[in-house]
Amino acid sequence: MFVHYALFTLKVHSLEMNDMPTFDILVSEVEKLKEHLSQVESPVVLCHNDLLCKNIIYIEAKGVVKFIDYEYTGYNYQAYDIGNHFNEFAGVSELDFSMYPPKELQLEWLKSYLEVFKECSGCEPVVTDLEVLRLYVQVNKFALVSNQYLMQFLML
């Protein structure tokens, strides 16, 4: 829902200006996002911060997932890292937001993530539907920040 709003906003600005949004529009949208996201209770965790699909290696024979390229690793909002990962599905240089993962895939992914997160935190890896839904909402809100960051980067 929020990703579609951001895309709609970009399309409207592009139609009106035949170009990227102005700096003032970007600043205004960033301020609105900051205000909205300050209400989201996403924990700060150690994040990869560059979860391109190319930075994730699945070793099928062992049933193991490995991550590479840790140069951007640091503390960040959990939902931002996951939202950015989902945005990466749409590509980097040639964006195609029809590739953004559908809700069903996101919910399945988030459930697995929460199970492992809880297990690594020393908790029972039991995840409720409410926990998955809460993270789903947080992730899709923080995905907007990732979109804004990408848009600002492309304007440089």
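Mentor: Before we start: a residue is buried under 20% relative accessible area, exposed over 50%, and partly exposed in between. Keep in mind that this is a predicted model.

Trainee: Okay, why is Glu131 called partly exposed?

Mentor: Glu131 has a relative accessible area of 23%. That value lies between 20% and 50%, so the label is partly exposed.

Trainee: And what makes Lys118 count as buried?

Mentor: Its relative accessibility is 18%. The cut-off is under 20%, so Lys118 counts as buried.

Trainee: How do you know that Lys118 and Glu131 meet in a salt bridge?

Mentor: Their side chains come to 2.8 Å, N to O. The pair links distant parts of the chain, with Lys118 in helix α4 and Glu131 in helix α5, 13 residues apart. The limit is 4 Å between a Lys nitrogen and a Glu carboxyl oxygen, so 2.8 Å qualifies.

Trainee: What makes Glu115 and Lys111 a salt bridge?

Mentor: Here the closest N and O atoms are 3.7 Å apart. That is within 4 Å, so the pair passes. Both residues lie in helix α4, four residues apart, about one turn of the helix. Glu115, at 26%, is partly exposed, and so is Lys111, at 36%.

Trainee: How many salt bridges does the structure hold?

Mentor: Three. One of them joins the side chains of Glu31 and Lys34 at 3.4 Å, N to O. These two are three residues apart in helix α2, which means about one helical turn between them.

Trainee: Over to β4, then. Why is Tyr75 called exposed?

Mentor: Tyr75, found in strand β4, has a relative accessible area of 66%.

Trainee: What about Asn76, buried or exposed?

Mentor: Buried: Asn76 has 19%, and the cut-off is under 20%. Asn76 is found in strand β4 too, and its contacts beyond four places in sequence include Pro43, Val44 and Cys47.

Trainee: How do you know that β2 and β3 pair?

Mentor: Pairing needs at least two bridges, and these strands have four, in the antiparallel sense.

Trainee: Last one: which residues have the most contacts inside the largest nonpolar core?

Mentor: Ile82, Phe86, Leu110, Leu135, Val139 and Phe142, in a core of 16 residues. Helix α5 gives the largest share, six residues.

Definitions and conventions
Residues numbered from 1 in each chain as written. Predicted model: local features only at pLDDT ≥ 70, side-chain atom pairs only at ≥ 80, totals over all residues. Heavy atoms only, no water. Buried < 20%, exposed > 50% of the residue type's maximum accessible area, 1.4 Å probe, protein only. Core = buried A, V, L, I, M, F, W, Y, C linked by side-chain atoms within 4.5 Å. Contact = heavy atoms within 4.5 Å.
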